[in-house]
Amino acid sequence: MTDPRGPLTPRGPVDSSRVPRFAGPATFARLPRLDEVERADVAVVGIPFDAGVSYRPGARFGATAVREASRLLRPYHPALDVSPFATQQVADAGDIACNPFDIDEAIETIQEAASSLQADGTRLVTLGGDHTVALPLLRAVAERHGPVAVLHFDAHLDTWDTYFGAEYTHGTPFRRAVEEGILDTSALSHVGTRGPLYGKQDLSEDEKLGFGIVTSADVYRRGADEVADQLRQRIGDRPLYVSIDIDCLDPAHAPGTGTPEAGGMTSRELLEILRGLAGCNLVGADVVEVAPAYDHAEITAVAASHVAYDLVSLLALEASG
C-alpha cells in the first residue's frame, strides 16, 4: 500500500544488544516517542481512566503495566512473517490525560485527542483504561471511516443500558455506539462471552442491536481457525475496529482485571484468532481493563502486551499489502 504522505524510513525499538531490556524509558516495545519521529503510521497511546468501572478499580494503571511488560517484545513476528516496526513507523504517543471525576468530560477529551492523533492518517492501538474509553475511540474512528465493523473480545456484552442511572460506563459503550449510528450493524461480533447475566433479555436486547456472539465455549469446541474464518466472513472488507477487554481471557491467563469470569479463553486462543484476521481492513484497536493491582507475576500485562503487538503486526501486514 503506497502512503500518500511519501516514503519514510521507520525508526525502530532501542537495540537490546546495546541497552539491556530492563534499562531505559518504558515506551511500548521500547519504541520512540511520537515527538521523536517525523510522523507515525501507528501510534500506541494510553488512556489512564477507570471512572466507569462497576466493580474493581485500577485499570487507570493498565497502560503503564502493559508498557513495562512489553520490554521483552522483539522486532520480528514469525507467526505472521512480518517485522511490524520495520514496515511502518510505530511510536508511543504517551497518555491521554482526562478528568478522573467527570465521565462526560473525559469522554469528550478522549474523542478530541484521538481525532487529533488520527488527523494525518495515523492509526491508533490504545491501551486502557476501562472499557468506557471504547465509545470516544469509536466516535473518532467513525469520523474518518464512517460506521465501522466491530469485533469485541470480552467476557461481557457491554451493551447494557445504564448502571445506577449512568449512561456512560464500561458496561454500556457498544449500546451507545449503536444508538449513535457509528457502527455497521451488519458486522458486529462479541467473542469470548460467558458467565451469568441479569436475565435472558440481555441476550435478546443484544441481538436487536445487531451483535452475533461467539462464546468462550464456542472457541473451545470449534477451535481458533474456524472461529477466525467465521469472523472474517462476517467482517468482509468493511473498516474494522477491534476492541479487546483482557477479561475475555480466563482468570488463569488474566487475573489482573476488574470483573473476572471463570471459563474464559486462553491467551493462545486469543492470539491465534487475531492472527486469523490477517487481510482484514483494520482501522483501529484497543486493549483495555488491565488492572495490575490484581495481577500476579505480570501474567495479565504480558498477555496484553502480546495482544497489542499482534494488533500492530496486523496493521503492518495491511500497510505492506
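Glu298 lies in the loop between β8 (281-288) and α9. This is a predicted model. Phi of Glu298 is near 60°, a positive value in a residue other than glycine. With a relative accessible area of 40%, Glu298 is partly exposed.

Phe164 also has a positive phi, near 50°, and is not a glycine. Its loop runs between β4 (148-153) and α4 (173-179). Is Phe164 buried or exposed? Exposed counts as over 50%, and Phe164 reaches 91% relative accessibility, so it belongs in that class.

The peptide bond from Gly128 to Gly129 is cis, with omega near 10°. Gly129 sits in the loop between β3 (123-128) and α3 (134-145).

The largest nonpolar core has 54 residues, and Phe153, Val242 and Ile273 touch the most other members. Helix α9 (residues 299-320) gives the largest share, ten residues. Beyond its neighbours within four places in sequence, Phe153 is in contact with residues including Val191, Val242, Met265, Leu270 and Ile273. A second, separate core holds 33 residues, among them Ile110, Leu137, Ala177 and Leu188.

The axes of α7 (residues 224-235) and α8 (residues 267-275) come within 8 Å and cross at roughly 40°. The two helices are therefore oblique to each other. Their crossing is right-handed. From α7, the contact uses Ala224, Val227, Ala228 and Leu231; from α8, it uses Glu269, Glu272 and Ile273. By class, that contact has five nonpolar, two charged and no polar residues.

Conventions: Residues are numbered from 1 along each chain as its sequence is written. This is a predicted model: local features need pLDDT of at least 70, side-chain atom pairs count only at pLDDT 80 or more; totals for chains, interfaces and linings use all residues. Side-chain values use heavy atoms; hydrogens and water are left out. Axes are lines fitted to C-alpha atoms, for helices over the stretch in contact, and angles run from 0 to 180 degrees between N-to-C directions. Helices (H or I, at least four residues) and strands (E, at least two) are DSSP runs, numbered from the N terminus. Angles under 35 degrees count as roughly parallel, over 145 as roughly antiparallel, 65 to 115 as roughly perpendicular and the rest as oblique. A crossing is left-handed if the near helix is turned anticlockwise from the far one by less than a right angle, and right-handed if clockwise. Contact means heavy atoms within 4.5 Å. Ala, Val, Leu, Ile, Met, Phe, Trp, Tyr, Cys and Pro count as nonpolar, Asp, Glu, Lys and Arg as charged, and the others, Gly among them, as polar. A nonpolar core is a set of buried Ala, Val, Leu, Ile, Met, Phe, Trp, Tyr and Cys residues joined through side-chain atoms within 4.5 Å. Buried means under 20% relative accessible area, exposed over 50%, partly exposed in between (1.4 Å probe, protein chains only).
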